[in-house]
Amino acid sequence: MERQAVTARAGTNIALVKYWGKRDAALNLPAAGSLSLTLAELGTTTTVRFGADCAASDGGDTVILDGKVLAGKGRERVRRFLDLVRTRAVLALPAEVLSENTVPTAAGLASSASGFAALAVAASRAAGLELDETQLSELARRGSGSAARSIFGGFAEMSAGRDPDGGDAVARPLPRAEGWDVRLVVAVAAAGAKSIGSTEAMNRTAATSPYYGAWVESVERDLADARAAIEARDLGTLGPVVERSCMRMHASAMGADPFILYWNPTTLNAIQTVMTLRASGISVFFTIDAGPHVKALCRAVDAPAVEAALASTPGVLRTIVASPGPGARVVEEARP
Ligand code: PMV
(Lines give C-alpha, C1' and ligand atoms only; values in the text may rest on other atoms or scores of the structure.)
Protein backbone atom coordinates (compact mmCIF):
# COMPACT_ATOMS: atom_id res chain seq x y z
CA MET A 1 0.00 0.00 0.00
CA GLU A 2 1.21 3.50 -0.88
CA ARG A 3 1.80 5.62 2.19
CA GLN A 4 2.28 9.33 2.76
CA ALA A 5 5.62 10.94 3.47
CA VAL A 6 5.28 13.11 6.57
CA THR A 7 7.71 15.85 7.58
CA ALA A 8 7.84 17.09 11.17
CA ARG A 9 9.92 19.70 12.88
CA ALA A 10 10.90 19.91 16.55
CA GLY A 11 12.96 22.38 18.49
CA THR A 12 15.55 21.13 20.90
CA ASN A 13 15.13 21.95 24.58
CA ILE A 14 17.54 22.85 27.33
CA ALA A 15 16.76 21.51 30.79
CA LEU A 16 16.65 24.16 33.52
CA VAL A 17 16.03 21.43 36.09
CA LYS A 18 18.02 18.45 34.86
CA TYR A 19 17.08 14.86 34.12
CA TRP A 20 19.91 12.52 35.12
CA GLY A 21 19.03 8.90 35.93
CA LYS A 22 16.45 6.29 35.00
CA ARG A 23 14.01 4.27 37.13
CA ASP A 24 13.53 1.79 34.27
CA ALA A 25 16.07 1.38 31.49
CA ALA A 26 13.91 -0.68 29.09
CA LEU A 27 11.02 1.80 29.08
CA ASN A 28 13.35 4.78 29.52
CA LEU A 29 11.53 6.02 32.62
CA PRO A 30 13.21 8.89 34.48
CA ALA A 31 14.10 8.59 38.17
CA ALA A 32 12.91 12.16 38.74
CA GLY A 33 11.11 14.96 36.93
CA SER A 34 12.75 17.73 34.90
CA LEU A 35 11.87 21.12 33.45
CA SER A 36 13.04 22.71 30.23
CA LEU A 37 12.73 25.44 27.63
CA THR A 38 12.07 24.42 24.01
CA LEU A 39 14.00 26.55 21.52
CA ALA A 40 13.08 28.03 18.14
CA GLU A 41 16.45 28.21 16.38
CA LEU A 42 17.95 24.81 17.18
CA GLY A 43 16.12 21.70 16.10
CA THR A 44 15.50 18.83 13.73
CA THR A 45 13.38 18.41 10.62
CA THR A 46 12.56 14.79 9.79
CA THR A 47 10.67 13.14 6.93
CA VAL A 48 9.40 9.58 7.29
CA ARG A 49 7.78 7.29 4.74
CA PHE A 50 6.88 3.63 5.13
CA GLY A 51 6.98 1.47 1.99
CA ALA A 52 8.45 -1.74 0.59
CA ASP A 53 10.77 0.39 -1.58
CA CYS A 54 12.19 2.14 1.53
CA ALA A 55 14.28 -0.86 2.60
CA ALA A 56 18.06 -0.63 2.95
CA SER A 57 20.20 -3.35 1.32
CA ASP A 58 19.74 -5.57 4.41
CA GLY A 59 15.95 -5.20 4.22
CA GLY A 60 15.76 -2.86 7.24
CA ASP A 61 15.00 0.83 7.53
CA THR A 62 17.00 3.44 5.66
CA VAL A 63 18.14 6.25 7.97
CA ILE A 64 19.87 9.34 6.60
CA LEU A 65 21.05 11.97 9.06
CA ASP A 66 22.43 15.27 7.77
CA GLY A 67 22.94 13.72 4.32
CA LYS A 68 24.86 10.66 5.57
CA VAL A 69 23.55 7.11 5.75
CA LEU A 70 23.46 6.24 9.44
CA ALA A 71 25.03 2.92 10.46
CA GLY A 72 25.83 1.05 13.67
CA LYS A 73 24.37 1.98 17.04
CA GLY A 74 22.73 5.20 15.87
CA ARG A 75 20.76 3.36 13.20
CA GLU A 76 19.81 0.58 15.63
CA ARG A 77 18.39 3.14 18.03
CA VAL A 78 16.20 4.64 15.28
CA ARG A 79 15.10 1.18 14.12
CA ARG A 80 14.10 0.12 17.62
CA PHE A 81 12.07 3.30 17.90
CA LEU A 82 10.39 2.69 14.53
CA ASP A 83 9.53 -0.83 15.73
CA LEU A 84 7.46 0.72 18.53
CA VAL A 85 5.54 2.73 15.93
CA ARG A 86 5.10 -0.31 13.65
CA THR A 87 3.80 -2.42 16.54
CA ARG A 88 1.24 0.23 17.49
CA ALA A 89 0.14 0.75 13.88
CA VAL A 90 0.20 -3.00 13.08
CA LEU A 91 2.49 -2.28 10.16
CA ALA A 92 5.27 -4.46 8.76
CA LEU A 93 6.84 -2.09 6.21
CA PRO A 94 10.36 -0.67 6.37
CA ALA A 95 10.77 3.09 6.58
CA GLU A 96 12.95 5.74 5.03
CA VAL A 97 13.95 8.46 7.49
CA LEU A 98 15.57 11.68 6.29
CA SER A 99 16.65 13.91 9.14
CA GLU A 100 18.40 17.28 9.23
CA ASN A 101 19.70 18.87 12.40
CA THR A 102 20.27 22.54 13.01
CA VAL A 103 22.11 21.39 16.15
CA PRO A 104 25.58 19.83 16.02
CA THR A 105 24.66 16.17 16.51
CA ALA A 106 25.59 14.56 19.85
CA ALA A 107 27.71 17.46 21.00
CA GLY A 108 25.75 18.08 24.18
CA LEU A 109 23.46 20.46 22.33
CA ALA A 110 20.55 18.08 22.83
CA SER A 111 20.12 16.87 19.25
CA SER A 112 18.51 13.67 20.55
CA ALA A 113 15.69 15.72 22.14
CA SER A 114 14.62 17.39 18.90
CA GLY A 115 15.57 14.31 16.87
CA PHE A 116 13.28 11.86 18.65
CA ALA A 117 10.49 14.43 19.08
CA ALA A 118 10.46 15.10 15.32
CA LEU A 119 10.73 11.35 14.61
CA ALA A 120 7.83 10.54 16.97
CA VAL A 121 5.56 13.06 15.24
CA ALA A 122 6.59 12.19 11.65
CA ALA A 123 6.74 8.39 12.06
CA SER A 124 3.47 8.04 13.97
CA ARG A 125 1.59 10.14 11.41
CA ALA A 126 3.26 8.41 8.46
CA ALA A 127 2.17 5.07 9.95
CA GLY A 128 -1.43 6.28 10.11
CA LEU A 129 -1.60 6.81 13.88
CA GLU A 130 -3.45 9.79 15.37
CA LEU A 131 -1.69 10.48 18.66
CA ASP A 132 -2.40 13.41 20.97
CA GLU A 133 0.45 15.44 22.50
CA THR A 134 0.57 13.38 25.69
CA GLN A 135 0.78 10.14 23.70
CA LEU A 136 3.46 11.69 21.49
CA SER A 137 5.40 12.74 24.59
CA GLU A 138 5.26 9.18 25.92
CA LEU A 139 6.39 7.81 22.55
CA ALA A 140 9.22 10.37 22.16
CA ARG A 141 10.45 9.45 25.66
CA ARG A 142 11.16 5.92 24.47
CA GLY A 143 13.72 7.37 22.05
CA SER A 144 15.29 9.85 24.44
CA GLY A 145 14.13 11.05 27.85
CA SER A 146 14.57 14.70 27.00
CA ALA A 147 12.61 14.29 23.72
CA ALA A 148 9.38 13.93 25.70
CA ARG A 149 9.71 17.63 26.61
CA SER A 150 10.29 18.84 23.02
CA ILE A 151 6.76 17.79 22.03
CA PHE A 152 5.71 20.99 23.81
CA GLY A 153 6.76 24.56 23.11
CA GLY A 154 8.16 27.02 25.64
CA PHE A 155 8.60 25.84 29.21
CA ALA A 156 7.67 22.18 29.76
CA GLU A 157 7.80 19.94 32.80
CA MET A 158 8.47 16.23 32.57
CA SER A 159 6.98 14.02 35.25
CA ALA A 160 8.84 11.00 36.63
CA GLY A 161 5.48 9.20 36.88
CA ARG A 162 4.67 6.19 39.04
CA ASP A 163 3.14 3.69 36.62
CA PRO A 164 5.39 0.70 35.96
CA ASP A 165 4.42 0.95 32.27
CA GLY A 166 5.37 4.64 32.06
CA GLY A 167 1.98 5.94 30.90
CA ASP A 168 2.34 8.89 33.29
CA ALA A 169 6.03 9.59 32.57
CA VAL A 170 5.18 12.38 30.14
CA ALA A 171 5.77 16.10 29.78
CA ARG A 172 3.23 18.90 29.96
CA PRO A 173 3.50 22.58 29.05
CA LEU A 174 3.68 25.31 31.69
CA PRO A 175 1.12 27.63 30.08
CA ARG A 176 1.42 30.62 32.38
CA ALA A 177 4.96 31.18 31.13
CA GLU A 178 3.86 31.82 27.55
CA GLY A 179 5.37 34.93 26.04
CA TRP A 180 8.10 35.37 28.66
CA ASP A 181 10.89 36.88 26.57
CA VAL A 182 14.03 35.11 27.72
CA ARG A 183 17.03 33.91 25.71
CA LEU A 184 19.52 31.08 25.98
CA VAL A 185 22.92 32.12 24.68
CA VAL A 186 24.91 29.02 23.78
CA ALA A 187 28.71 29.17 24.03
CA VAL A 188 30.09 26.30 21.95
CA ALA A 189 33.13 25.08 23.87
CA ALA A 190 34.40 22.24 21.64
CA ALA A 191 33.90 20.70 18.21
CA GLY A 192 32.80 17.10 17.77
CA ALA A 193 30.79 14.53 19.69
CA LYS A 194 30.60 14.30 23.47
CA SER A 195 32.94 11.98 25.33
CA ILE A 196 30.29 9.65 26.77
CA GLY A 197 26.62 9.26 25.84
CA SER A 198 23.99 10.30 28.36
CA THR A 199 22.44 6.84 28.85
CA GLU A 200 25.75 5.17 29.66
CA ALA A 201 26.75 8.10 31.87
CA MET A 202 23.45 8.08 33.78
CA ASN A 203 23.67 4.34 34.36
CA ARG A 204 27.24 4.60 35.61
CA THR A 205 26.31 7.50 37.88
CA ALA A 206 23.38 5.54 39.34
CA ALA A 207 25.47 2.40 39.82
CA THR A 208 28.64 3.93 41.27
CA SER A 209 28.27 7.54 42.45
CA PRO A 210 27.73 7.96 46.20
CA TYR A 211 26.05 11.28 45.36
CA TYR A 212 23.38 9.82 43.06
CA GLY A 213 20.74 9.26 45.75
CA ALA A 214 21.16 12.79 47.10
CA TRP A 215 20.93 14.18 43.57
CA VAL A 216 17.64 12.38 42.83
CA GLU A 217 16.20 13.51 46.19
CA SER A 218 17.09 17.13 45.45
CA VAL A 219 15.10 17.38 42.20
CA GLU A 220 11.58 17.69 43.66
CA ARG A 221 12.46 20.90 45.50
CA ASP A 222 14.16 22.36 42.41
CA LEU A 223 11.08 21.60 40.32
CA ALA A 224 8.76 23.32 42.77
CA ASP A 225 11.03 26.37 43.03
CA ALA A 226 11.53 26.60 39.25
CA ARG A 227 7.80 26.23 38.58
CA ALA A 228 6.97 29.05 41.00
CA ALA A 229 9.70 31.32 39.56
CA ILE A 230 8.49 30.71 36.00
CA GLU A 231 4.87 31.42 36.97
CA ALA A 232 6.06 34.69 38.48
CA ARG A 233 8.37 35.34 35.49
CA ASP A 234 11.09 36.01 38.01
CA LEU A 235 14.49 35.38 36.42
CA GLY A 236 16.37 36.41 39.56
CA THR A 237 14.66 33.56 41.46
CA LEU A 238 14.75 31.01 38.63
CA GLY A 239 18.47 31.49 37.85
CA PRO A 240 19.93 30.16 41.11
CA VAL A 241 17.67 27.07 40.85
CA VAL A 242 18.93 26.47 37.30
CA GLU A 243 22.57 26.75 38.38
CA ARG A 244 22.22 24.51 41.43
CA SER A 245 20.40 21.82 39.41
CA CYS A 246 23.19 21.88 36.82
CA MET A 247 25.97 21.77 39.41
CA ARG A 248 24.36 18.93 41.38
CA MET A 249 23.78 16.88 38.24
CA HIS A 250 27.41 17.27 37.22
CA ALA A 251 28.61 16.65 40.78
CA SER A 252 26.75 13.34 40.84
CA ALA A 253 28.36 12.37 37.53
CA MET A 254 31.83 13.46 38.66
CA GLY A 255 31.41 11.17 41.66
CA ALA A 256 30.94 8.11 39.43
CA ASP A 257 33.65 5.44 39.14
CA PRO A 258 35.34 5.96 36.70
CA PHE A 259 34.47 9.66 36.98
CA ILE A 260 32.46 11.44 34.29
CA LEU A 261 33.68 14.93 33.43
CA TYR A 262 32.00 16.75 30.55
CA TRP A 263 33.71 20.09 31.10
CA ASN A 264 36.84 21.44 29.49
CA PRO A 265 38.81 24.58 30.36
CA THR A 266 36.55 26.66 28.10
CA THR A 267 33.54 25.53 30.15
CA LEU A 268 35.08 27.06 33.27
CA ASN A 269 36.04 30.21 31.37
CA ALA A 270 32.43 30.62 30.24
CA ILE A 271 31.10 30.02 33.77
CA GLN A 272 33.49 32.74 34.91
CA THR A 273 32.17 35.10 32.21
CA VAL A 274 28.60 34.55 33.41
CA MET A 275 29.64 35.24 37.02
CA THR A 276 31.46 38.42 35.96
CA LEU A 277 28.46 39.63 33.94
CA ARG A 278 26.25 39.02 36.95
CA ALA A 279 28.58 40.96 39.22
CA SER A 280 28.26 43.84 36.76
CA GLY A 281 24.48 43.85 37.23
CA ILE A 282 23.19 41.67 34.35
CA SER A 283 20.71 38.95 35.34
CA VAL A 284 22.30 35.92 33.64
CA PHE A 285 22.68 32.29 34.77
CA PHE A 286 24.40 29.25 33.29
CA THR A 287 23.51 25.65 32.66
CA ILE A 288 25.53 22.78 31.12
CA ASP A 289 24.35 19.46 29.69
CA ALA A 290 26.19 16.26 28.76
CA GLY A 291 28.96 18.15 26.98
CA PRO A 292 31.28 21.12 27.54
CA HIS A 293 29.04 23.88 26.16
CA VAL A 294 27.66 26.59 28.40
CA LYS A 295 24.14 27.94 27.96
CA ALA A 296 23.42 31.31 29.53
CA LEU A 297 19.84 32.19 30.47
CA CYS A 298 19.04 35.91 30.35
CA ARG A 299 16.44 38.47 29.34
CA ALA A 300 16.10 39.23 25.59
CA VAL A 301 17.36 42.80 26.10
CA ASP A 302 20.56 41.52 27.72
CA ALA A 303 21.27 38.83 25.09
CA PRO A 304 23.56 41.02 22.91
CA ALA A 305 25.81 41.89 25.87
CA VAL A 306 25.84 38.27 27.07
CA GLU A 307 26.63 37.01 23.58
CA ALA A 308 29.47 39.54 23.13
CA ALA A 309 31.04 38.57 26.47
CA LEU A 310 30.80 34.83 25.75
CA ALA A 311 32.08 35.25 22.17
CA SER A 312 35.25 36.91 23.50
CA THR A 313 35.76 34.29 26.23
CA PRO A 314 38.99 32.29 25.64
CA GLY A 315 38.26 29.00 23.85
CA VAL A 316 34.66 29.71 22.84
CA LEU A 317 34.30 28.61 19.19
CA ARG A 318 30.99 30.27 18.44
CA THR A 319 27.84 31.54 20.07
CA ILE A 320 24.18 30.98 19.22
CA VAL A 321 21.32 33.06 20.62
CA ALA A 322 18.19 30.94 20.98
CA SER A 323 14.68 32.01 21.93
CA PRO A 324 11.61 30.08 23.15
CA GLY A 325 10.05 28.08 20.33
CA PRO A 326 6.98 26.00 19.47
CA GLY A 327 6.39 22.32 20.14
CA ALA A 328 6.98 19.50 17.65
CA ARG A 329 4.61 19.62 14.71
CA VAL A 330 3.87 18.29 11.23
CA VAL A 331 5.08 20.75 8.59
CA GLU A 332 4.27 18.77 5.43
CA GLU A 333 2.32 15.71 4.33
CA ALA A 334 2.73 14.56 0.77
CA ARG A 335 2.12 11.55 -1.42
CA PRO A 336 5.44 10.03 -2.46
O1 PMV B 1 17.52 12.62 26.74
P2 PMV B 1 18.88 12.12 27.06
O3 PMV B 1 18.90 10.67 27.36
O4 PMV B 1 19.89 12.49 26.01
O5 PMV B 1 19.37 12.85 28.41
C6 PMV B 1 19.48 14.23 28.57
C7 PMV B 1 20.37 14.58 29.69
C8 PMV B 1 20.67 16.06 29.88
O9 PMV B 1 20.63 16.75 28.66
C10 PMV B 1 22.08 16.20 30.45
C11 PMV B 1 19.72 16.71 30.87
C12 PMV B 1 18.34 16.99 30.38
O13 PMV B 1 17.43 16.99 31.21
O14 PMV B 1 18.15 17.26 29.19
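How do the residues of the lining of the second largest cavity divide into nonpolar, polar and charged?

1. This is a predicted model, in which local features need pLDDT of at least 70 and side-chain atom pairs count only at pLDDT 80 or more, while totals for chains, interfaces and linings use all residues. Residues are numbered from 1 along each chain as its sequence is written, and side-chain values use heavy atoms, with hydrogens and water left out.

2. The second largest cavity has a lining of 3 nonpolar, 2 polar and 1 charged residues, where Ala, Val, Leu, Ile, Met, Phe, Trp, Tyr, Cys and Pro count as nonpolar, Asp, Glu, Lys and Arg as charged, and the others, Gly among them, as polar. The residues in question are Y19, P30, S34, G145, R149 and M158, and the volume they line is about 30 Å³.

3. Searching the whole structure gives 2 cavities of 30 Å³ or more, a cavity being a set of points on a 1 Å grid over the protein atoms alone where a 1.4 Å probe fits but cannot get out, with lining residues having an atom within 4 Å of a point. The largest cavity holds about 40 Å³, and its lining, which includes Y19, W20, W215 and V219, divides into 7 nonpolar, 2 polar and 1 charged.

4. S146 sits in the loop between α3 (133–143) and α4 (147–150), and it counts as buried because its relative accessibility is 14%, buried meaning under 20% relative accessible area with a 1.4 Å probe and protein chains only. Leaving aside residues up to four places away in sequence, S146 touches N13, Y19, S112 and A113, contact meaning heavy atoms within 4.5 Å.

Methods:
1 Å grid on protein atoms, 1.4 Å probe; cavity = no way out; pocket = protein on both sides within 12 Å on 5 of 7 lines; lining within 4 Å. Points joined across faces, edges and corners; volume = space filled by probe spheres on them. Helix = DSSP H or I, 4+ residues; strand = E, 2+ residues; numbered from the N terminus. Buried < 20%, exposed > 50% of the residue type's maximum accessible area, 1.4 Å probe, protein only.
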